[in-house]
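Work through the exercises below with the sequence and the model side by side. Try each task before you read its solution.

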Amino acid sequence: MEIYHYNRNCGCTRCRCRGITGPVFLMALGVIALFDEFNVRNLDWGHSWPLLLIVLGITMFIQRSAPTDGHQQMSGRVPPPVAGGEVGNG
């Protein structure tokens with residue numbers, strides 16, 4: 001069994017759901033802001049951190065337990081591009 005490495009060009013379920021943490025976290029913040037705007041009891045900004053931790057835990061569980069059927073390993077580990085263009089030797 002090979003070690004799993006994320007590949008952005010792969011179409012397996014685990015690679016596709018890799019980037020859902022940020023959007024789900026922002027949606028949870030939006031729901032909490034909406035409930036705070038409508039004065040829903042016991043769910044204001046001061047009491048919302050457990051909900052945010054639960055949302056974060058659920059998304060991490062989904063990402064790590066998703067099947068890797070059809071996963072395509074990267075052909076050689078390519079380092080990420082350097083911000084600011086190419087690096088010269090001088």
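**Exercise 1. The whole chain**

How many helices and how many strands does the secondary structure of the protein chain come to?

*Solution.* Start with the ground rules. This is a predicted model, where local features need pLDDT of at least 70 and side-chain atom pairs count only at pLDDT 80 or more, while totals for chains, interfaces and linings use all residues. Residues are numbered from 1 along each chain as its sequence is written, and side-chain values use heavy atoms, with hydrogens and water left out.

Now count. The protein chain has three helices and zero strands. Helices (H or I, at least four residues) and strands (E, at least two) are DSSP runs, numbered from the N terminus. Along the sequence, the pattern reads α-α-α.

Next, look at burial. The protein chain has 90 residues, and 18% of them count as buried. Buried means under 20% relative accessible area, exposed means over 50%, and partly exposed lies in between (1.4 Å probe, protein chains only).

Last, take the surface. The protein chain exposes about 7400 Å². Carbon and sulfur atoms supply 61% of that area. Accessible areas come from the Shrake-Rupley method with a 1.4 Å probe; for residues, only the protein chains shown count as cover.

**Exercise 2. A charged residue**

Find Arg 14. Which side chain of opposite charge is nearest to Arg 14, and how far away is it?

*Solution.* Step one: locate Arg 14 in helix α1, residues 13–16. Arg 14 is buried yet has no salt bridge. The nearest side chain of opposite charge is Asp 69, 9.3 Å away. For the charges, Lys and Arg count as positive and Asp and Glu as negative; His and the chain ends are not counted. A salt bridge needs a side-chain nitrogen of Lys or Arg within 4 Å of a carboxyl oxygen of Asp or Glu.

Step three: look for other partners. The Arg 14 side chain reaches the backbone oxygen of Ala 66 at 3.1 Å. Beyond four places in sequence, the contacts of Arg 14 include Tyr 4, Gln 63 and Pro 67. Contact means heavy atoms within 4.5 Å.

**Exercise 3. A residue of helix α3**

Is Gln 63 buried or exposed?

*Solution.* Gln 63 is found in helix α3, residues 49–65. Its relative accessible area is 15%, so Gln 63 is buried. Now trace its side chain. It reaches the backbone oxygen of Cys 17 at 3.5 Å. A polar contact of 2.7 Å also joins the side chains of Gln 63 and Thr 21. A polar contact is a pair of N or O atoms within 3.5 Å; within protein, one must be able to donate a hydrogen and the other to accept it, and residues adjacent in sequence count only if both atoms are side-chain atoms.
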